[in-house]
Amino acid sequence: MPPRICSIVDIIENTTLHKTFYFSDEKCRNAKPGQFIMIWIPGVDEIPMSLSFIGEKQGVTVEKKGEGTKKLHEMNVGDKIGIRGPYGNAFSMHGKKFLFVAGGTGIAPLMPLIKMVKEKVVILGARTSSLLLFEKELKEMNAKLYIATDDGSHGYHGFATDVFEKIIKEGKFDMVYTCGPEAMMKKVFDLCIKKNIPMQASLERYMKCGVGICDSCAIDGYHVCKDGPVFDINMLKKMDDFGKWKRDETGKKVEI
């Protein structure tokens, strides 16, 4: 399926490494929280990106780290990109009291869901305060917000999972949602198993096609692009590679 050509309608510089690119695409207007799109950057590459904003205009929040994302960061309002999707499954809501655990750009796919729910606790982690995403927006959504930074420059000095472990001892939650570095999500998973708390995680794997054909995003019999990217706790229990192994662009298994 060829990409639909869209213009970038707005760009917000979130941090020195992150920008949110807004566009307006009819099919993405009704996307569900957790779904992703394939973005074609003319002359460079096609990359998967979770939707961080859904509505009349849609947005993706992009960290500058590879050839494709660096080129995207160089683009301006009015420049053209290609869109395929939305693809994959979405987060599902069960209950009323929700806890979100996000690390780095992992907050991006959680944002549309956080916006939808009323009672929400959010743990937002980053390497340092200057790389924290959407702190202001989350406060405006009336989220009960906990900040954790690896270097202690803002909030708790340590990992988001340290804060998570403390919070689940103090209160009960109907569902935990998490996205971020896989080592972080594995720790959230282990603690949820221990405390018998339902959870859903948005996984990231190397993707080429986005529709389950190329096999590059396979993990223990599942395709992240088609069966995910959102997996519940019961599916995660079946994944021996979760938190341990992934595949690089050549298809080689590498340690997480």
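Predicted model: local features only at pLDDT ≥ 70, side-chain atom pairs only at ≥ 80, totals over all residues.
Local features are given where pLDDT is at least 70 and side-chain atom pairs where pLDDT is 80 or more, while totals for chains, interfaces and linings use all residues. Residues are numbered from 1 along each chain as its sequence is written, and side-chain values use heavy atoms, with hydrogens and water left out.

View 1. R84 belongs to strand β7, residues 80-87 (strands are DSSP runs of E, at least two residues, and helices are runs of H or I, at least four residues, numbered from the N terminus). R84 counts as buried because its relative accessibility is 8% (buried means under 20% relative accessible area, exposed over 50%, partly exposed in between, with a 1.4 Å probe and protein chains only). The side chains of R84 and E46 form a polar contact of 2.8 Å (a pair of N or O atoms within 3.5 Å; within protein, one must be able to donate a hydrogen and the other to accept it, and residues adjacent in sequence count only if both atoms are side-chain atoms). A polar atom of the R84 side chain also lies 2.9 Å from the backbone oxygen of C209.

**View 2. Covered residues of helix α2.** Helix α2 spans residues 107-116 and is mostly covered, with 8 of its 10 residues buried. Among the buried residues are I107, L110, M111 and I114.

View 3. I123 lies in strand β9, residues 119-126, and is buried, with a relative accessible area of 0%. Leaving out residues up to four places away in sequence, I123 touches residues including L99, F100, Y146 and F164 (contact means heavy atoms within 4.5 Å). I123 and I147, 24 residues apart in sequence, are 6.0 Å apart from C-alpha to C-alpha.
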